[in-house]
Amino acid sequence: MSTRLTVGIDIGGTKLAAGVVDEEGTVLDRVRYPTPAANADKVLDAVNGAVAELRDRHPDVSAVGVGTAGHVDADRSTVTFAPNLPWRDEPLKARLTERLGLPVVVENDANAWAWGEARFGAGQGCEHLVCVTLGTGVGGGLVLGGALHRGRFGLAAEVGHARLVPEGRPCACGNLGCWEAYASGRALAFEARARAEAAPESAPTLWSLVDGDLSAVTGMEVTAAAQAGDAAAVDSFAAVGAWVGEGLANLAEILDPQRFVLGGGVAEAGEILLDAAWDAYRSRLIGREEHQVADIRVARLGVDAALVGAADLARAG
């Protein structure tokens with residue numbers, strides 16, 4: 001068994017998860033704290049507390065990797081912007097290194113998630129991998145030539161905000177027609193609400209799950225309703241899956257990956273989404289009938305992926 005241990009930390013807008021990870025990607029111990037997102041110093045205090053708690057039980061920890069929501073600069077040291085955290089040009093690496101007394105690597109959480117899946121999850125063994133998170137929004141990470149691809153300014157793989165439909169639906173980012181507006185959990189809820197309102201008889205489970213208040217519909221309710229056989233929910237997954245496949249086909253034309261890995265709450269629905277995504281993806285790859293194309297798999301590491309990826313990046317330094 002490996003003896004070289006690192007701590008991986010996944011900082012989100014509401015929770016902070018930390019774990020001790022070995023060289024095989026196994027999480028040996030973990031803690032979870034609420035994220036005090038209104039105060040930058042308190043977030044650092046929470047990170048310090050999590051690492052201290054884990055080091056009490058694992059004193060041979062050698063480094064710390066932090067996966068955080070937001071934009072991380074090309075040097076992996078400064079969080080330039082985080083929409084749901086109190087960081088603007090925050091020198092996170094320097095501040096944490098001083099507090100923890102250990103080497104620290106800082107990475108965007110989607111990149112850390114992609115690296116975790118590439119090293120130990122559904123992308124294991126792939127040199128050319130595109131990872132896409134289908135959650136409330138759409139994010140991504142790229143592993144090209146066996147290395148994490150971050151771009152010149154550290155902002156590569158913001159795939160959710162590639163414009164798919166000119167002058168299309170409004171996106172949370174302020175633009176129109178982003179892929180996120182068609183392939184996210186928000187999009188799934190939008191599709192289901194519209195169908196349930198137009199044909200209530202097609203969505204009995206969905207109406208029941210939200211006590212008749214369609215404004216309360218989220219991706220979770222649509223997934224449960226689809227699994228129960230609601231036609232409106234099933235058709236909503238088909239619509240979103242088709243948009244997922246459309247976007248993956250665009251990425252395939254540019255990057256020619258070996259595999260796509262899909263994570264996030266929407267992807268966890270499994271075949272009900274993947275079948276539609278695969279059909280749309282294959283139909284868009286004109287001229288590829290005689291060539292190999294990337295396969296599509298669901299992420300394997302679940303909520304641990306970013307934590308495990310961050311820990312492994314810290315080990316590499």
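Trainee: Which residues point one way from E1, and which the other way?

Mentor: Please keep in mind that this is a predicted model. As a general idea, the side chains of a regular strand alternate between the two faces of the sheet. In E1, Leu 5, Val 7, Ile 9 and Ile 11 point one way, while Thr 6, Gly 8 and Asp 10 point the other way.

Trainee: Are the residues of strand E1 buried or exposed?

Mentor: Seven of the seven residues of strand E1, residues 5-11, are buried, so the strand is largely enclosed by the rest of the structure.

Trainee: With which strands does E1 pair, and in what sense?

Mentor: In general, strands of a sheet pair through backbone hydrogen bonds, in either a parallel or an antiparallel sense. E1 shows both cases. With strand E4, residues 61-68, the pairing is parallel and extends over six bridges; within it, Asp 10 stands opposite Gly 67. With strand E2, residues 15-21, E1 runs antiparallel, again joined by six bridges. There, Ile 9 has Ala 18 as its bridge partner. E1 and E2 form a hairpin, with three residues between them.

Trainee: In what order do the strands E5, E6 and E7 form a sheet?

Mentor: These three strands form an open sheet in the order E5-E6-E7, with antiparallel pairing. Strand E5 (71-72) and E7 stand at the edges with a single partner strand each, so one side of each has no neighbour in the sheet. E5 is joined to strand E6, residues 79-81, by two bridges, and His 71 has Phe 81 as its bridge partner.

Trainee: Where is Asp 89 placed, and what is its phi?

Mentor: Most residues other than glycine have a negative phi. Asp 89 has a positive value, near 50°. This residue lies in strand E7, residues 88-90, and is exposed, with a relative accessible area of 55%. Glu 167 also has a positive phi, near 55°. Its place is in the loop between strand E11 (147-149) and helix H4 (180-183), where Glu 167 is exposed at 59% relative accessible area.

Trainee: At what angle do helices H1 and H2 pack?

Mentor: Two values describe such a pair: the angle and the distance between the axes. Helix H1, residues 40-57, and helix H2, residues 92-100, pack at about 45°, with their axes 10 Å apart. That angle makes H1 oblique to H2. Their crossing is right-handed. Among the residues of H1 that meet H2 are Leu 44, Val 47 and Val 51, and the H2 residues in the contact include Leu 92, Leu 96 and Leu 100.

Trainee: How many disulfides does a search of the whole structure find?

Mentor: The search finds zero. A disulfide requires two cysteine sulfur atoms within 2.5 Å. The sulfur of Cys 171 is 3.7 Å from that of Cys 173, its closest cysteine sulfur, which is too far for a bond. For Cys 126, the closest cysteine sulfur is in Cys 131, at 9.1 Å, also too far for a bond. Cys 126 is buried, at 6% relative accessible area, and Cys 171 likewise counts as buried, at 9%.

Key
Residues are numbered from 1 along each chain as its sequence is written. This is a predicted model: local features need pLDDT of at least 70, side-chain atom pairs count only at pLDDT 80 or more; totals for chains, interfaces and linings use all residues. Side-chain values use heavy atoms; hydrogens and water are left out. Buried means under 20% relative accessible area, exposed over 50%, partly exposed in between (1.4 Å probe, protein chains only). Helices (H or I, at least four residues) and strands (E, at least two) are DSSP runs, numbered from the N terminus. Two strands pair if DSSP finds at least two bridges between them. Axes are lines fitted to C-alpha atoms, for helices over the stretch in contact, and angles run from 0 to 180 degrees between N-to-C directions. Angles under 35 degrees count as roughly parallel, over 145 as roughly antiparallel, 65 to 115 as roughly perpendicular and the rest as oblique. A crossing is left-handed if the near helix is turned anticlockwise from the far one by less than a right angle, and right-handed if clockwise. Contact means heavy atoms within 4.5 Å.
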